[in-house]
Amino acid sequence: MPVYFFKLYKITFYVALNCLILFCNSYNLLAQAKLGITAGYSNNILISDNSLNERNRDGYIVGINYNYLFNNLFLETNFTFISKNFRFQKFYNSEIYQQYDNNYLQLPVSLGFYFLKAQKIKISISGGGFVSYWLQSHIKGVLPNVYNSIDSLNSNGNITQYARLTEYKVKYIFSDADNRWGFGWNTGIGIHYLINRNICLALKGQYFQSITNNEKSKGNFQLYGYFKTFVIESGVLIELKHAKHFLKNGKL
Amino acid sequence: MVNFKKLFSLISLFVFFSLIVSCYRNSALSYSDNPQTFKDVFENYWMKMKSNYAYWDLDTTNWAAVFNKYDPLFNNLDLNKENDIKKSVSYFRDISKNLLDNHYNINFLNPVLTDSAIFPAYDRKSKLISFHPPYPYWKIDTNYLDKGYLMAKNTDFINNGEALTVLCGTIKHKILYISFNHCSLSESYTSPNGYYIKYALQSYFAMLNNLSDTIKGLIIDVRSNLGGDLNDLNFFAKHFVNHQHLYGYAQYKIGEGIYSYSTWLPALVNPNDNYNNIGKPIIVLADNFSASTAEAFVMFFKTLPNSLLIGENTFGATGAIVEDSSMNCGSFTIPDFMSVQLSSARFKFINNKIYENIGFPPDVFIPFNSTSIQEGRDLVLEKAISVIH
């Protein structure tokens with residue numbers, strides 16, 4: 001990757017961090033706030049009332065985490081890029097299937113509390129809601145294409161005919177019918193391991209359930225379908241005041 | 001020290017956000033698979049149409065408004081009263097009068113309504129000044145064929161009251177002609193009573209694969225052919241190509257969502273091993289009742305470089321009826337009340353245009369002329385003969 005890309009990312013990161021610190025300063029939130037980056041694994045499934053066999057699929061998540069602590073409670077948000085992939089097939093074990101690779105930007109806001117505190121370890125539970133935006137989608141699948149049939153005459157004089165199974169893979173083109181904004185609720189459990197007073201490692205398991213459909217509603221004119229997403233992610237969080245120090249001196 | 005004012009504002013924001021989130025609800029209508037009331041029948045029909053209909057993105061019918069209008073009306077009907085059962089037909093006819101899918105039709109299973117049927121595309125066409133019913137052209141076209149022509153029938157395959165009829169032979173010893181009135185060719189080819197059809201087709205394919213120099217052109221007549229088995233296209237057309245031939249694109253529903261469409265997949269004719277380069281003009285004859293698979297024939301031949309289409313616009317039922325449970329849309333049944341026929345796939349021609357409810361236009365328009373027909377003259381066939389030198 002060219003060097004200027006790294007420079008661009010670095011500048012963007014510094015600008016974003018400075019903006020966040022400015023915001024937190026203005027609301028006096030810096031003292032108890034942590035900022036970090038997280039990354040991990042996602043597993044998503046579409047739940048709908050149609051007759052298809054839905055299957056869950058793997059994906060990934062990366063995000064910027066902001067955590068504001070007050071007593072044993074904390075308010076947390078994690079601006080993430082998350083994949084919510086799924087697959088469905090008409091029949092069990094059928095060769096006929098369709099799979100979606102969906103990428104979302106997601107902003108959950110959670111309220112949590114630490115219910116267990118040891119010397120270096122804190123364990124928390126949290127819950128809240130999220131808003132997401134459907135960035136892009138790729139579809140891959142196999143269909144019996146009746147407009148591409150094969151026939152052959154065997155030695156008994158019988159004709160064998162069948163529709164060819166046809167594979168397709170395409171970038172999904174959004175239309176007005178798509179509901180790209182989504183909402184839902186989330187809950188999770190997390191472990192914070194304190195490396196020192198200012199830096200901690202985080203390991204979180206989260207569950208997200210959307211309550212909005214990917215297709216826009218037309219009264220009763222839609223099928224009920226929503227995502228269930230499990231996430232395991234880990235990351236590093238630092239005290240924001242030290243992030244400020246980091247920006248000034250280039251080291252923690 | 002905790003700043004309680006700021007903390008309170010943050011928590012308020014969180015609660016507000018949660019409230020917004022909780023306000024989003026999805027309302028899914030449930031319906032009975034075994035309807036006991038007219039309300040059940042309608043809601044079953046409405047839901048299945050919603051998931052099984054292939055043209056919601058193009059159709060102008062407001063299906064949500066249909067529900068709001070007709071759900072209370074059906075609720076007032078009694079499934080045990082004969083008059084109410086008859087009245088329901090007018091409701092279903094009104095609901096479906098403007099549906100785009102020209103394959104759409106309803107046959108009633110209820111004993112009170114066995115004589116009733118709804119076919120909006122036919123109703124719309126019957127109101128046109130140019131309307132004419134399907135006509136069995138083979139009855140007069142034998143007059144044009146040279147001695148030794150073959151006419152084969154198979155009464156095991158009936159469509160619109162007509163047995164499958166294949167007519168083939170030469171005209172003026174310079175034109176190879178074939179007509180078939182519906183698409184059951186490959187099924188009939190191997191059926192127990194399909195011997196004559198098989199013999200006629202084998203003779204035709206033999207002539208086609210060893211085309212003599214005296215033959216200057218071909219006429220393929222699918223007028224008043226209401227379609228049938230889509231496999232017939234490859235069965236017949238593979239004799240005209242030496243490589244996979246793209247003639248359009250097909251699209252399928254990939255889920256039960258109203259807009260859950262697949263990408264457009266290639267519509268292909270796969271070649272025959274015995275291909276013989278025909279290289280001669282191919283004239284295709286079509287009329288207002290060339291429908292469904294017959295339209296696929298028309299559009300396939302239109303993509304060949306040496307073809308000409310003569311006659312009228314085709315019917316405009318270009319989708320495919322597929323009796324395959326792997327499809328996510330298409331025909332369905334309301335138990336003990338009615339069966340609804342719908343396209344399971346939709347088709348667009350190689351120019352990316354969908355001709356559903358429009359019909360494929362001819363290169364040379366010659367309308368149906370009942371006076372000439374009564375006199376035993378087929379003006380469309382005469383025109384086709386005149387352009388082959």
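Q: How do you know where in chain A confidence is lowest and where it is highest?
A: The mean pLDDT of each element tells. Helix α1 (residues 3-26) of chain A has the lowest mean, 55, whereas strand β9 (residues 199-210) of chain A has the highest, 95. For chain A the mean is 82, and 76% of its residues reach 70 or more.

Q: What makes residues 1-5 of chain A a stretch to treat with caution?
A: Over residues 1-5 of chain A pLDDT stays under 50, and the model has 0 contacts there beyond four places in sequence. Where pLDDT is low, predicted coordinates should not be read in detail.

Q: What share of chain A counts as buried, and by what criterion?
A: A residue is called buried if 20 or more other C-beta atoms lie within 10 Å of its own. In chain A, 35% of the 252 residues count as buried. Among the contacts of chain A with a separation of 6 or more, 62% join residues 24 or more positions apart.

Q: Why are β8 and β13 of chain B said to stand at the edges of their sheet?
A: The sheet is open and has 3 strands in the order β8-β7-β13 (chain B), with antiparallel pairing. β8 (265-269) and β13 (345-349) of chain B each have a single partner strand, so one side of each lacks a neighbour in the sheet. Neighbouring strands of this sheet are turned by 40° against each other on average, direction ignored.

Q: What makes β7 and β13 of chain B a strand pair?
A: Pairing takes at least two bridges. Strand β7 (residues 245-252) of chain B and β13(B) have 5, in the antiparallel sense, so they count as a pair. B:Tyr252, for one, has B:Ala345 in β13(B) as its bridge partner.

Q: Which residues touch the most other members of the largest nonpolar core?
A: They are B:Ile283, B:Val284, B:Leu285, B:Val298 and B:Phe300, in a core of 105 residues. Helix α10 (residues 293-302) of chain B gives the largest share of this core, 7 residues. B:Ile283 touches residues including B:Leu218, B:Leu308, B:Ile310 and B:Val387, leaving aside those up to four places away in sequence. A second, separate core has 11 residues, among them A:Leu35, A:Phe74, A:Leu237 and A:Ile238.

Notes:
Residues are numbered from 1 along each chain as its sequence is written. Chains are lettered from A and ligands numbered from 1 in the order in which they are written. This is a predicted model: local features need pLDDT of at least 70, side-chain atom pairs count only at pLDDT 80 or more; totals for chains, interfaces and linings use all residues. Helices (H or I, at least four residues) and strands (E, at least two) are DSSP runs, numbered from the N terminus. Axes are lines fitted to C-alpha atoms, for helices over the stretch in contact, and angles run from 0 to 180 degrees between N-to-C directions. pLDDT is the predictor's confidence in each residue, from 0 to 100. Two residues are in contact if their C-beta atoms, placed from the backbone, lie within 7 Å. A residue is buried if 20 or more other C-beta atoms lie within 10 Å of its own, exposed if 12 or fewer, and partly exposed in between; C-beta atoms are placed from the backbone. A nonpolar core is a set of buried Ala, Val, Leu, Ile, Met, Phe, Trp, Tyr and Cys residues joined through C-beta atoms within 7 Å.
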